[in-house]
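This report describes how parts of one protein chain are arranged. Please look at the sequence and the structure before reading on.

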Amino acid sequence: MNSSRRRLICAVAIPLLGCLPACGSPSAQPAPASRQPAAGTVNPITVDSTEEQIRQAVATARFGRKLTPKSWPNGARVAVCLTFDVDNELLQRANPLPVPLSVGEYGATTSLPRILDLLDRHQVPATFFIPAMGTMLHPEMVPAIIARNRHEIGVHGWIHEFWPAIGDASKEQRLLEQSIAYLAKASGKRPAGVRAPSSGFSPQTFDLIRKAGFLYDSSLLAADEPYEILSNGAPSGVIELPISEVDNDYVYYGETANGALPSPDAVFAIYKAEFDLAFQERTMFILTQHPHVGGRRSRIVQLDRLIAYIKSKGDVWFATMEQVATYVKESGR
Ligand SMILES: [Zn+2]
């Protein structure tokens with residue numbers, strides 16, 4: 001990518017994401033509060049904050065009890081979720097010009113069919129988080145995913161909007177509700193899970209997710225295994241299937257990291273090491289990919305290699321996030 005192009009994409013990404021590494025649903029590296037877009041009602045933690053104010057400031061959605069079951073189905077040592085944030089051109093919404101849009105469009109024209117074929121070859125399921133308007137722009141995507149009969153579709157915003165920047169709880173609620181309804185209509189099933197675009201939780205977001213009745217969320221990063229979200233000190237009943245920046249293609253290949261780690265071999269080695277310890281610890285491994293990023297030719301061959309490696313270990317449960325959340329919920333009863 002030449003420097004003028006790089007400047008263009010950075011210029012788009014930074015206002016949208018407050019210096020977070022681009023889409024970063026999960027790629028969204030939690031930046032210091034001072035670097036995130038104004039969230040309106042958030043009070044910063046300062047040296048003058050009281051202990052109670054600091055407790056309150058962090059209380060919205062915290063790590064609760066671990067939910068990894070004593071055993072996974074069929075005695076598997078580890079659960080594996082392959083997840084795809086289908087952001088495509090909606091990352092360029094602040095400056096929708098043809099060239100940067102085409103970078104995202106690649107995700108629908110080329111990557112998604114390639115990914116679905118790869119998953120077919122391995123006969124493994126996956127979870128696709130899709131902004132509602134992404135399905136409008138590419139109406140062929142949802143039917144193509146559903147036709148495989150083993151995948152899940154989850155909520156990922158209306159236009160991949162950053163919820164902390166909405167600044168209005170009722171508007172945020174409306175966006176969430178219309179996103180759920182749009183995906184339910186497109187897929188024929190109400191989504192069971194949600195992943196916040198750019199990992200953006202406003203102070204109200206968790207309450208809205210809980211009230212919407214989601215079985216699980218997959219936006220937080222507080223552990224390597226399933227846990228129950230604790231909200232204001234109380235168990236919420238919502239299962240968190242946590243993401244990780246390390247297991248995300250965007251931080252290695254995405255616009256803001258462009259060129260920083262160009263070797264798909266190196267990225268494979270990181271994913272492999274992450275899986276190996278999950279296998280050893282008998283917990284779970286969640287991989288997050290963005291089709292327009294990780295679906296590029298040199299990169300998807302490493303995803304193919306990774307799935308083959310994981311399968312070669314045996315004793316692995318490949319599942320959708322909904323299947324994992326349902327299983328841990330039932331195991332915890
Ligand atoms: Zn995203």
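Predicted model: local features only at pLDDT ≥ 70, side-chain atom pairs only at ≥ 80, totals over all residues.

Residues are numbered from 1 along each chain as its sequence is written, and side-chain values use heavy atoms, with hydrogens and water left out. Helices (H or I, at least four residues) and strands (E, at least two) are DSSP runs, numbered from the N terminus.

Two packed helices are described by the angle between their axes and the distance between the axes. Axes are lines fitted to C-alpha atoms, for helices over the stretch in contact, and angles run from 0 to 180 degrees between N-to-C directions.

| Helix pair | Axes come within | Crossing angle |
|---|---|---|
| α9 (residues 264–281) and α11 (residues 297–313) | 10 Å | roughly 25° |
| α3 and α11 | 11 Å | roughly 20° |

α9 and α11 are therefore roughly parallel to each other, a term for angles under 35 degrees. The contact (heavy atoms within 4.5 Å) includes Phe 268, Tyr 271 and Phe 275 of α9, and Leu 306, Tyr 309 and Ile 310 of α11. By class, eight nonpolar, two polar and six charged residues take part; Ala, Val, Leu, Ile, Met, Phe, Trp, Tyr, Cys and Pro count as nonpolar, Asp, Glu, Lys and Arg as charged, and the others, Gly among them, as polar.

α3 and α11 are likewise roughly parallel. Among the residues that meet are Ile 115, Leu 118 and Leu 119 in α3, and Ile 300, Leu 303 and Ile 307 in α11.

**Buried residues and the end of α11**

The buried residues of α11 (under 20% relative accessible area, with a 1.4 Å probe and protein chains only) include Ile 300, Leu 303, Leu 306 and Ile 310. The buried residues of α11 pack against β2, α3 (98–122), α9, β9 (284–289), α10 (291–294) and β10 (316–318). Just after α11, Gly 314 takes a positive phi of about 70°.

**Positive phi in loops**

Asn 74 has a positive phi of about 60° although it is not a glycine, and its place is in the loop between β1 (62–66) and β2 (78–85). Asn 74 is exposed (over 50%), with a relative accessible area of 83%. Ser 198, with a positive phi near 55°, lies in the loop between β5 (193–194) and α7 (205–211). Ser 198 is buried, with a relative accessible area of 1%.

Methods. Parallel < 35°, antiparallel > 145°, perpendicular 65-115°, else oblique.
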